[in-house]
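Trainee: Could you walk me through this structure? I would like to take the salt bridges and then the core.

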Amino acid sequence: MSAAPETFNPSPETQAWLAGEHNLLIDGQRVAAASGERIEVFDPATEALITTVAGAGPEDIDRAVAAARKAFKGEWAKLTSYERARLMFKFADLIEENMSLLAEVEVLENGMPRMISEYTIAKFGGEFVRYFAGWVTKIHGMTIPVSPSEARNGESLTYTKREPIGVVGAIIPWNAPLAMAILKLAPTLATGCTIVLKPAELTPLTALLLGELAQQAGIPDGVVNVVPGYGQAAGAALSEHDGVDKISFTGSTAVGKSIIKASAGNLKKVTLELGGKSPFVVFPDADMERVIPGAVRGAFFLQGQNCMASTRLFVHEDVFEPVVEGIAAMAGGMTPGPGLNPGSMLGPLISGDQRDRVMGYIEDGKASAAELRCGGEALPGKGFFVKPTVFGRTNMDMKIAREEIFGPVMCVQAFGDSELEDVAAEANATIYGLSGSVWTKDISVAHKMAGLIDSGQVSINCHAAVDPAIPFGGNKQSGWGREFGMEGLEPYLKTKATTVLF
Ligand code: ADP
């Protein structure tokens with residue numbers, strides 16, 4: 001395994017787009033930051049500068065929020081639900097038509113293999129936007145039989161309306177920039193809200209590109225505003241802003257906590273999708289042909305920079321050795337490289353800081369009693385590549401097993417013929433509760449264990465099943481609220497109850 005061998009150039013179309021001036025998108029206009037700040041964007045596979053983008057500060061956030069407020073009451077509010085849905089379908093079509101450009105830009109700014117980016121564009125660009133577009137015409141309230149005050153039966157009417165919550169401030173991370181942006185845009189548009197979207201400073205390009213496509217789809221100016229900027233400046237200003245009704249945040253648990261505090265000023269509604277340390281529990285009768293690739297995919301998808309990653313395997317002692325051996329062989333055979341290289345199976349980590357953080361955990365693991373079964377090193381040369389790393393014989397007292405690493409590091413722990421409750425207690429011995437999976441052919445064990453795992457999502461004989469219709473979100477310190485599915489609309493709506501006495 002050697003360092004990134006060759007660089008594959010993006011298409012002329014992508015190069016032309018990258019050569020443009022990347023400013024903030026506010027009220028349909030591309031504007032420089034008030035301070036004139038520019039943020040440099042690097043390719044994590046080569047460490048080369050890709051381009052620069054305008055970096056928003058508090059003054060720009062004020063402008064973007066004002067634009068979103070104005071748009072919330074403007075032309076957008078007057079569209080029928082059918083017209084709003086049609087704009088969303090058009091947006092989905094444009095995302096798919098621009099698949100190649102979007103994928104190349106995402107690969108360059110994030111590092112993920114191209115096939116992964118294309119998969120996320122199909123799943124999130126096409127299916128996710130259309131799924132939410134389907135809801136637009138089905139959002140409605142109820143009539144409720146009541147007898148308020150002195151009214152007699154039939155002398156009053158109470159009905160509820162579901163109204164858009166207002167201006168959404170969305171703050172997203174760098175690990176899957178395109179999917180994350182769409183996760184926030186789709187429910188915003190479906191419910192008739194407007195948005196100020198702040199992408200991560202490391203990966204601002206795909207969000208800007210999506211903003212352009214939303215404009216092309218005919219979504220009115222000011223409905224979608226995109227403001228790249230640093231977390232401490234733009235992110236904090238957005239979370240504190242009195243003109244924002246709701247924050248939808250995806251990122252680390254630590255930043256999630258600061259967003260809650262910042263949001264207290266006007267008691268804005270907050271949903272949070274935070275960290276994870278998801279268990280993957282393998283019983284001895286499980287289908288090993290599925291377990292091994294499932295564990296490798298679950299842990300090393302997006303180089304492990306994935307909140308749902310299967311970072312903690314609990315494997316029954318009877319099958320422990322073959323499982324660990326199979327995983328180490330498969331993970332060790334993954335070819336790292338720049339995402340535009342068709343042979344790359346594993347991209348770089350997002351930055352030098354992230355690589356150093358992850359290597360700190362790996363060194364900690366090496367110094368512990370855990371067995372290093374593969375990887376354990378960063379690749380020399382340019383690019384922030386770290387080999388897929390598997391530690392066997394871990395336990396929940398070890399830092400590598402307890403803390404979210406957000407890198408390609410898997411911990412494998414053995415269990416014996418214990419009660420399911422005891423296995424579940426170990427699986428739940430973390431502050432997180434986002435995802436988890438159970439692998440067995442025994443349906444009673446599968447469902448009992450699925451019930452015992454304390455997480456927002458459990459998969460049986462697969463890991464981290466993702467579909468626009470499956471509610472997604474965390475228990476414990478993995479977050480507040482759910483995204484995806486019917487429940488994913490709720491945080492973007494408010495209920496108004498109206499009562500009339502005849
Ligand atoms: P990660 O660990 O994935 O980098 P972070 O939680 O650090 O996740 O960042 C996710 C997003 O939160 C990014 O867009 C970042 O700019 C933003 N962010 C970071 N700090 C703050 C903050 N104090 N307030 C608001 N947003 C922030």
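**Salt bridges and core**

Mentor: Glu371 counts as partly exposed, at 33% relative accessibility, where partly exposed lies between buried (under 20% relative accessible area) and exposed (over 50%), with a 1.4 Å probe and protein chains only. This is a predicted model, in which local features need pLDDT of at least 70 and side-chain atom pairs count only at pLDDT 80 or more, while totals for chains, interfaces and linings use all residues. Residues are numbered from 1 along each chain as its sequence is written, and side-chain values use heavy atoms, with hydrogens and water left out.

Trainee: Which side chain does Glu371 meet in a salt bridge?

Mentor: Glu371 meets Arg373, at 3.2 Å from N to O, and a salt bridge here is a side-chain nitrogen of Lys or Arg within 4 Å of a carboxyl oxygen of Asp or Glu. Arg373 is also partly exposed, at 24% relative accessibility.

Trainee: And how many salt bridges does that rule give?

Mentor: The count comes to 21. One of them joins Lys184 and Glu483, whose closest N and O atoms are 2.8 Å apart. That pair links distant parts of the chain, 299 residues apart, with Lys184 in helix α7 and Glu483 in the loop between β21 (479-480) and β22 (493-501); helices (H or I, at least four residues) and strands (E, at least two) are DSSP runs, numbered from the N terminus.

Trainee: Are Lys184 and Glu483 buried or exposed?

Mentor: Both Lys184 and Glu483 are buried. In another salt bridge, between Arg63 and Asp60, Asp60 is buried with a relative accessible area of 1%, whereas Arg63 is partly exposed at 36%.

Trainee: Switching topic, how many residues does the largest nonpolar core have?

Mentor: The largest core has 73 residues, and Met88 and Phe91 are among those with the most contacts inside it. A nonpolar core is a set of buried Ala, Val, Leu, Ile, Met, Phe, Trp, Tyr and Cys residues joined through side-chain atoms within 4.5 Å. Helix α7 (residues 177-191) gives the most to this core, with ten residues.

Trainee: What is Met88 in contact with, leaving aside neighbours within four places in sequence?

Mentor: Its contacts (heavy atoms within 4.5 Å) include Val129, Phe132 and Leu189.
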